[in-house]
Amino acid sequence: MPEHGSPARWIEGAIGLVGWSRIRWLLTGLGLLLLGLVIFGVVPYDLHPNDSHAYWVVDVADPYRDARLGATDAFLYAPAVAQLLAPFTRLPFEAFRLLLGGVSLGVLALVGAAYTILVPGVIEDLVRGNIHILLAAAIIAGFRWPGLWVAMLLTKVTPGVGLLWFAVRREWGALAQVAAVTGLVMGASLLIGGVRVWEEWIRLLATSAQSARTYTYLGIAPPALVWRLPLAVVVVTWGAVTDRRWTVPLAVFLALPVIWPSGFAILAAIPPLVIDDRRRAGWKSSERPAPAVA
């Protein structure tokens, strides 16, 4: 048994075996401290909220005018998302931006993953105002409420490859729930905005799919989606067969249309799922009958 305070003890705590509660609060505090230092300019950071501004300026009647992958203020999500955002776009931009950031942090805490603020990409996502944190939370909660995958299907789209988890495991009820919720959302959207904007969105997706665009940072560019998507399929399939739920956010990350720095926030879903997998494995072990003694 590792000695108290030894590196092995801390590693065990980090994977949910011992002392996890204290470590979780420590990581949460450090994450909030770093976020505060970034917001108040103590830690130099480009605070331009590119993504949240695109959500704020979207015209619900014509959301895809001049939209293209990587363009300034381009809105690339389904019409239902634009309709959902519409009431909030009446707020001043700073209020809208703070609301989006607050919702992202709140949802992260709600799924028990506030300690992942230090995961690369999470602070970037909060600063830019993207939705990767919300999608990470949807993945975590989606094992209990699969209908939450509608958030993935009507925004980033290709990360819907994560649904292979349910298909491989033949959890048809979960897939039926996803289909039902997605159908309800689309039906309501069609009633509100009509068919035209949905046709425009599908054309936009088809055009974007032809782009090999990727993001370059310090001269390093991740592979284009055409290479990452098959790998995502392999990862989530292996995870489903071996009962490793943490493979789902990894596959979703690999299947992002473009891997921007904020996209790494999807990986914030991995630690909670690893810990939960360990706990479930422990419960299963404790339920096994003890071997008979001769």
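**Labels and their grounds**

Mentor: We start with Tyr64, which lies in the loop between helix 3 and helix 4; bear in mind throughout that the model is predicted.

Trainee: What makes Tyr64 count as buried?

Mentor: The relative accessibility of Tyr64 is 9%, and buried means under 20% relative accessible area, so Tyr64 is called buried.

Trainee: Which residues does Tyr64 contact, leaving aside its neighbours within four places in sequence?

Mentor: Tyr64 is in contact with Phe75, Tyr77, Ala78, Pro79, Val197, Glu200, Trp201 and Leu204. Of these, Leu204 is 140 residues away from Tyr64 in sequence, while the two C-alpha atoms are 7.8 Å apart in space.

Trainee: Why is Asp277 called buried?

Mentor: Asp277, which belongs to helix 14 (residues 270-287), has a relative accessible area of 11%; since the label requires a value under 20%, Asp277 is buried. Not counting residues up to four places away in sequence, Asp277 touches Asp243, Arg244, Arg245 and Trp246.

Trainee: What makes the phi of Asp73 and of Arg170 worth a remark?

Mentor: Most residues other than glycine have a negative phi. Asp73, in the loop between helix 3 (50-56) and helix 4 (79-85), has a positive phi of about 60° although it is not a glycine. Arg170, in the loop between helix 9 (164-168) and helix 10 (172-193), likewise has a positive phi, near 55°.

Trainee: Turning to the helices, why is helix 5 called roughly parallel to helix 7?

Mentor: Helix 5 (residues 93-110) and helix 7 (residues 132-142) pack at an angle of about 25°, with their axes 9 Å apart. Angles under 35 degrees count as roughly parallel, and therefore helix 5 is roughly parallel to helix 7. The crossing of these two helices is left-handed. On helix 5 the contact is made by Leu100, Val103, Ser104, Val107 and Leu108, and on helix 7 by Ile133, Leu134 and Ala137. These residues divide into seven nonpolar, one polar and no charged.

Trainee: And how do you know whether helix 12 is roughly parallel or antiparallel to helix 13?

Mentor: Helix 12 (residues 225-242) packs against helix 13 (residues 247-254) at an angle of about 170°, and their axes are 8 Å apart. Angles over 145 degrees count as roughly antiparallel, so helix 12 is roughly antiparallel to helix 13. Among the residues making this contact are Leu231 and Val235 of helix 12 and Leu250 and Phe253 of helix 13, and the contact residues divide into eleven nonpolar, two polar and one charged.

Key
Residues numbered from 1 in each chain as written. Predicted model: local features only at pLDDT ≥ 70, side-chain atom pairs only at ≥ 80, totals over all residues. Heavy atoms only, no water. Axes fitted to C-alpha atoms, helices over the stretch in contact; angles between N-to-C directions. Helix = DSSP H or I, 4+ residues; strand = E, 2+ residues; numbered from the N terminus. Parallel < 35°, antiparallel > 145°, perpendicular 65-115°, else oblique. Left-handed = near helix turned anticlockwise from the far one by under 90°. Contact = heavy atoms within 4.5 Å. Nonpolar A, V, L, I, M, F, W, Y, C, P; charged D, E, K, R; others polar. Buried < 20%, exposed > 50% of the residue type's maximum accessible area, 1.4 Å probe, protein only.
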